[in-house]
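Dear colleague,

I am passing on the structure we spoke about, and below it you will find my notes on what came out of the analysis. Please read them alongside the coordinates.

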Amino acid sequence: MENFDFIFARRRQLLIRALGAAAGIALPLSLRAQAILGGTPGPLPPGRAFYRITGDVTVNGQIATLETPVHPGDTVTTGDSSEAIFVVGSQSLLLRERSRVELESAAAPVNSAALFIAGLRITGKLLSVSRDVGQRLTTPTATIGIRGTGWYAESDPDLTYFCTCYGEADMVSNEDPASRETVVSKRHDRPLYIAREGPEGGRIRDAPFINHTDQELMLIEALVGRAPPFVFPSDNYRSPQRRY
Amino acid sequence: MFRSCCAVIYGALFCTAAATATPLQLEPVRLEAGIGWDDNLTQAAESRSRLGDRVATVALSRRASLPITANARAVFDASLLAEKLGRYGGLDRLTGGLSSQLQYRTSAAFFAPTFALVADLQRDQYRSHQRTGTRFGLAANARQSWTDRIDAFAEVSWSRRDANDAVFDGVQRAVRTRVDYAAGKIGSFYGSAELRRGDVQSTNMGSELEYANAARAESADDAFGAGYHVFRFFGRTTLWTLGWNLPLGAAHALDLSWRQAQSWVHIPTETVRYRSNFVSFAYLRQF
């Protein structure tokens with residue numbers, strides 16, 4: 001009898017090890033397949049913040065994995081040739097290479113159960129979508145009040161690029177309060193540069209459309225269960241491809 | 001029939017444009033300049049008749065779209081293409097085209113498919129008098145993102161060509177699929193497969209009796225010199241294309257592609273198969 005127990009125990013152990021090994025192989029394979037074939041963007045499972053991590057991404061200085069949580073108060077950075085797509089509450093963000101974003105928490109949260117980003121400080125390039133939430137974006141040259149919208153920003157020490165992809169934004173130069181603009185946009189209607197240098201009242205000027213696409217907006221909106229306000233993505237914002 | 005269908009679709013789109021009174025949304029002008037090599041311009045089965053040549057292409061196109069409802073729009077494409085061959089100048093051509101699409105997308109969601117009805121009209125002006133003529137086309141297609149890297153496209157189409165010489169007239173039905181794969185910074189890869197049934201042309205040295213008996217039309221070919229005869233058969237053609245698009249910033253890209261076409265034609269004594277390969281390298285720009 002003891003012999004049989006011993007044999008069954010060994011078999012059970014072997015089976016558990018085999019299943020463990022299979023799971024150990026299958027999970028990385030599934031992640032690898034997703035990395036190669038692409039993901040299917042949709043609302044993330046509860047507790048998960050990252051949809052995709054490419055290259056070197058850190059949260060508060062620690063190397064991030066897909067399981068790393070992100071909360072208001074955290075700082076996310078990307079290295080060379082890196083990108084992070086993540087969600088905080090109902091806000092979805094795409095941080096491009098060599099970028100850093102500090103997510104500021106609200107002093108008095110509107111809803112303590114909700115994750116709410118009151119402000120963002122960025123250097124580098126960030127695409128973001130949110131709804132019905134007012135927040136402040138701070139760059140080295142500008143402060144931008146955002147009223148729940150889709151936007152894309154590139155921030156250097158001397159120049160900020162800001163596109164109100166849709167929604168409304170108020171921007172003011174950090175160095176010159178007389179330089180201010182309010183943009184109400186349906187679809188990338190008025191991208192702007194906010195420069196450190198320039199004449200009083202004239203540090204905000206028109207900019208071309210650069211470095212983000214409707215397809216990316218659709219992707220990050222899908223992560224929080226929404227869609228952009230326009231139905232047809234435009235190919236204008238992508239590099240040219242042969243038509244078919 | 002084809003002209004009537006095209007006229008109805010064009011008419012409907014223009015009437016819609018006028019009725020909605022919404023301004024056309026013009027997209028940037030697109031320039032494509034390329035160089036390619038075709039190893040079987042004659043589409044000949046026999047090696048002695050197979051002629052290859054270098055093909056230089058410059059194309060300009062512009063797209064305009066017109067919102068009809070939140071989920072539907074009309075899309076118009078105008079294009080002008082010039083093609084110059086290295087040796088066989090009879091195939092040099094200037095082509096102007098107009099295309100209209102009625103597109104419907106079910107929603108703004110990431111995976112929402114887009115459906116379209118398409119009508120094409122194209123005028124070819126070849127140095128070869130026989131080939132000069134007009135093409136009409138009708139198509140229905142659908143496209144959808146499968147993942148955030150993979151886009152898929154499928155189309156059924158009917159096309160007709162009216163040329164100066166009846167040997168270059170023809171009607172074809174086709175089904176086509178294409179998959180695009182976005183590979184990040186190294187650009188995107190694409191592959192397409194197409195199956196056509198209908199008229200195919202083949203130019204051969206001499207006028208062999210079996211070919212002449214099976215052909216729907218035959219004529220001396222004015223593009224390849226004396227001794228070459230062109231035949232029109234009913235046949236089946238498969239095409240596949242593999243390509244790589246490398247973006248160079250937002251407004252520029254390079255494109256490298258390889259297309260292979262194979263046609264099968266039944267003549268009383270045998271099944272004749274032609275195969276041609278076309279490799280092209282193109283620079284694309286929008287402004």
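The contact between the two chains draws on 22 residues from chain A and 29 residues from chain B, and please bear in mind throughout that this is a predicted model. On the side of chain A that touches chain B, helix H2 (residues 214–222) of chain A contributes the most, with three residues. Sorted by class, that side of chain A consists of 13 nonpolar, eight polar and one charged residues.

Turning to the strands, strand E7 (residues 100–105) of chain A pairs in the antiparallel sense with strand E4 (residues 75–78) of chain A over three bridges, and A:Val76 stands opposite A:Val101 in E7(A). E7(A) also pairs in the antiparallel sense with strand E8 (residues 117–129) of chain A, here over six bridges, with A:Glu104 standing opposite A:Gly119 in E8(A).

As for the nonpolar cores, the largest holds 49 residues, of which A:Phe86, A:Trp151, A:Ala153, A:Phe162 and A:Ile220 touch the most other members. If one sets aside its neighbours within four places in sequence, A:Phe162 is in contact with A:Ala142, A:Ile144, A:Trp151, A:Ala153, A:Met171, A:Pro191, A:Leu192 and A:Ile194. There is also a second, separate core of 11 residues, and among its members are B:Val200, B:Val230, B:Phe233 and B:Val272. As general background, nonpolar side chains tend to be buried together in soluble globular proteins.

With best regards

Technical notes. Residues numbered from 1 in each chain as written. Chains lettered and ligands numbered in written order. Predicted model: local features only at pLDDT ≥ 70, side-chain atom pairs only at ≥ 80, totals over all residues. Contact = placed C-beta atoms within 7 Å. Helix = DSSP H or I, 4+ residues; strand = E, 2+ residues; numbered from the N terminus. Nonpolar A, V, L, I, M, F, W, Y, C, P; charged D, E, K, R; others polar. Pairing = 2+ DSSP bridges. Core = buried A, V, L, I, M, F, W, Y, C linked by C-beta atoms within 7 Å. Buried ≥ 20, exposed ≤ 12 C-beta atoms within 10 Å, placed from the backbone.
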